[in-house]
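Q: Please show me how to read the packing in a protein model. I would like each general idea followed by the case at hand.

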Amino acid sequence: MTEQPHTTPPAVGAEQLALLERLCNASGVSGDEGEVRKIVLEQVRPLADEVQIDALGSVLAVRHARGVEAPLRVMLDAHMDEVGLLIVSDEENGLYRFVKVGGMDDRALPGKTVLVGKDHIPGVIGAKAIHLTEPGETENKISLDTLRIDVGPNGGKIKPGDRATFATRFRQVGPSIFCKAFDNRVGCAILIETLRAAAQSGALDHLELLVAFTVQEEIGARGARAAAYRFDPEAAFAIDSTPASDLPRYDAREDGAIEDAGYNVRLDHGPAIYLVDSGTLSDPRLARHLMDTAGRHGIPYQVRQPGAGGTDAGSIHRVRAGVPSISISVPARYLHTAAAVARRADWEHTQALLWQALVELDRGILAQPR
Amino acid sequence: MIELKPFLKQLISLPGLSGHEGPAREAIAAAWKPLVDDLSVSPLGSLHALKRGSGPGERPRILLAAHMDAIGLIVTNITPEGLLGITEIGGVDPRILPAMPVMVHTRSGDLPGVVAQPPDRLLPPNARSKPVQLEHLLVDTGLPPDEVHRRVRAGDLVSFGTEPLELAGDTLVGHSLDDRAAVAAVTVCLDELSRRAHVWDVWAAATVQEEETLGGAFTSPYAIRPQIAVAIDVTHAKGPGASDWRTAPLGKGFTLDWGPNTHPALFNAFKETAERAELPYTVTVYPSGSGTDAMGMQIVNEGIPTMVVSIPLRYMHTPVELISLKDIARTGRLLAEFIAGLELDFVEKKLRWEEEA
């Protein structure tokens with residue numbers, strides 16, 4: 001391991017919270033990431049040596065290594081897009097038909113407030129009054145076909161093709177954060193802070209940092225593929241958010257134990273390291289490196305229960321001749337709904353783990369047998 | 001002059017579930033105080049206001065009733081993980097709850113939260129990929145389990161937490177517009193009457209418990225003994241999922257509701273008033289009960305002639321009820337016009353059955 005200047009990982013303070021608030025409140029449905037891109041550009045331009053927007057709209061920022069021959073090329077990835085809605089037809093009088101963009105549970109749409117288009121025109125997804133329902137009707141799903149976005153009579157200026165996001169505003173409650181789009185603005189915030197700390201401390205000067213803020217992850221991890229091709233990295237870390245299903249189980253034991261449940265990940269247990277998901281078999285050397293690093297520095301972590309779901313790593317690891325890749329996620333409950341719940345500490349520990357892992361990353365780790 | 005929009009936004013931002021209307025009552029009392037001669041609170045918590053008429057001696061009395069209670073949720077249990085089990089108060093479709101912001105009212109202050117829908121695999125097999133019913137929904141306050149157990153107890157109330165939103169076409173969105181929009185209409189009426197002569201005594205009541213027991217409706221007219229009682233409530237506006245005969249157009253005026261809780265002569269008098277004042281309206285009909293305070297008020301004491309006036313509203317009993325502010329103002333104006341036009345002998349002369357004439 002090369003000798004590194006002593007540094008502490010970037011912390012989560014008032015400035016980081018303010019940045020995450022801006023990022024989460026921005027509208028950035030897959031394919032329409034402009035508002036998020038604007039914030040990301042404003043943040044990374046002073047920190048990176050090169051910044052560009054690629055053909056798909058991803059922001060690619062490079063911070064060159066300093067004073068090192070042939071530095072290790074490391075890609076850091078976080079997607080900017082969020083799941084949301086797309087207006088598909090104008091039914092007049094302020095009523096609009098919509099479809100979903102990305103994976104969302106239809107059951108969490110009725111009764112929510114939304115913001116439509118670049119002007120953030122407020123609207124609601126109403127539901128039929130319970131008084132007007134037939135007996136037994138509440139047992140059945142409300143069909144997406146019957147829902148409309150209602151912006152009020154004669155609410156104009158909206159056209160098919162406009163995107164809508166939940167109107168939920170970022171809020172801190174005790175140790176938690178309530179917001180929309182935590183998936184994956186928290187990843188964007190972590191990469192921005194990593195770049196900032198790298199610029200300030202020089203602790204990552206041994207690495208060629210290739211930082212991608214990607215588009216269209218929620219509809220097929222598309223931006224990451226083009227970004228990885230251009231960056232041609234030797235290793236990649238995708239930073240994302242993953243659903244915590246650490247809720248009571250209907251058949252929980254008397255004491256409420258949920259140890260045996262399919263919780264995926266749990267809040268308050270630190271960053272979730274991926275070994276297997278539906279798109280990626282994580283590089284075991286990187287997995288070991290992350291766990292060893294966490295252990296050495298006393299950073300809590302959890303292994304994401306192997307199973308369904310995917311991240312940009314699923315695209316990145318199959319680009320060109322192949323890229324050793326791994327994902328680390330911040331756990332959060334109720335992702336892809338109007339209001340996720342996450343813990344500030346899990347975010348901070350994820351940021352710290354990524355930082356320490358990068359500080360201690362070298363080609364020797366990748367030279368080990370897979 | 002009362003500023004309708006800010007007043008209503010304030011009202012729908014306050015808790016006040018059925019049986020626990022205190023916060024709403026205080027705000028309404030503050031708004032009514034300068035407009036009336038006397039304010040009192042009934043044993044069940046309804047707010048009564050008297051605005052005296054200019055007639056001599058013992059004047060006839062009209063009662064305007066709008067309920068101030070809101071639907072919501074109540075904590076049933078607290079799980080070991082610090083999540084809250086819930087049930088509903090007042091008629092809630094569980095399908096509008098997942099991911100909804102809420103406010104939990106505890107002994108040690110209010111806790112914001114969100115309604116959690118457990119993933120299918122945590123639910124019993126027969127409850128999967130269907131709307132999750134109340135028994136499986138939870139409220140997450142984002143606080144550690146020990147703090148939740150310390151601060152929350154079964155029976156704590158949970159209000160909808162969606163914030164008011166102004167939409168196009170002079171419309172307002174929020175929860176508990178049913179029936180605080182009608183409270184606002186009564187307030188508009190009282191405000192207008194402060195500049196107009198009327199010979200009858202006017203009683204305004206912000207009633208309690210309409211959504212559950214009609215407790216306010218059954219009790220407020222008892223001591224007031226009005227000659228006429230008017231229930232002001234909301235009705236279903238046409239919109240997505242609502243287009244049948246039970247619905248009225250949004251933003252095209254109030255509805256005059258015709259059915260067994262409506263005294264035919266009063267209905268005609270209100271219709272004449274609306275036409276004279278050139279206020280747009282539609283007539284809706286109900287076959288049995290109007291679903292308003294009129295159902296209770298009609299059978300208080302020896303029976304009271306009642307009228308039902310409603311304001312069309314979309315998405316009733318959801319956190320995104322949507323209403324036209326213009327319709328609210330028109331409703332207030334109708335009430336004021338009707339009251340200003342009441343003669344001292346209205347009951348004897350006009351409030352008669354066709355067969356009596």
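Q: Which residue follows α5(B), and what is its phi?
A: α5(B) is followed by B:R225, and the phi of B:R225 is positive, near 50°. Helices (H or I, at least four residues) and strands (E, at least two) are DSSP runs, numbered from the N terminus. This is a predicted model: local features need pLDDT of at least 70, side-chain atom pairs count only at pLDDT 80 or more, and totals for chains, interfaces and linings use all residues. Residues are numbered from 1 along each chain as its sequence is written, while chains are lettered from A and ligands numbered from 1 in the order in which they are written.

Q: How many residues of helix α5 of chain B are buried?
A: A residue is buried if 20 or more other C-beta atoms lie within 10 Å of its own, exposed if 12 or fewer, and partly exposed in between, with C-beta atoms placed from the backbone. Helix α5 (residues 215–224) of chain B has seven of its ten residues buried, so the helix is mostly covered. They are B:G215, B:G216, B:A217, B:T219, B:S220, B:P221 and B:I224.

Q: What do the buried residues of α5(B) pack against?
A: Two residues are in contact if their C-beta atoms, placed from the backbone, lie within 7 Å. The buried residues of α5(B) pack against β2 (47–51), β3 (61–67), β12 (201–207), β13 (228–236) and α7 (294–297) of chain B.

Q: Which residues have the most contacts inside the largest nonpolar core?
A: In soluble globular proteins, nonpolar side chains tend to be buried together. A nonpolar core is a set of buried Ala, Val, Leu, Ile, Met, Phe, Trp, Tyr and Cys residues joined through C-beta atoms within 7 Å. The largest one here has 233 residues, and those with the most contacts inside it are B:L64, B:A65, B:A181, B:A185, B:V186 and B:V230. Helix α4 (residues 177–193) of chain B gives the largest share of this core, eleven residues.

Q: How do α2(B) and α4(B) lie relative to each other?
A: Two packed helices are described by the angle between their axes and the distance between the axes. The axes of helix α2 (residues 22–32) of chain B and α4(B) come within 11 Å and cross at roughly 15°. The two helices are therefore roughly parallel to each other (angles under 35 degrees). B:A24, B:I28, B:A31 and B:W32 of α2(B) make the contact with B:R180, B:V183, B:T187 and B:L190 of α4(B).

Terms used: Axes are lines fitted to C-alpha atoms, for helices over the stretch in contact, and angles run from 0 to 180 degrees between N-to-C directions. Angles under 35 degrees count as roughly parallel, over 145 as roughly antiparallel, 65 to 115 as roughly perpendicular and the rest as oblique.
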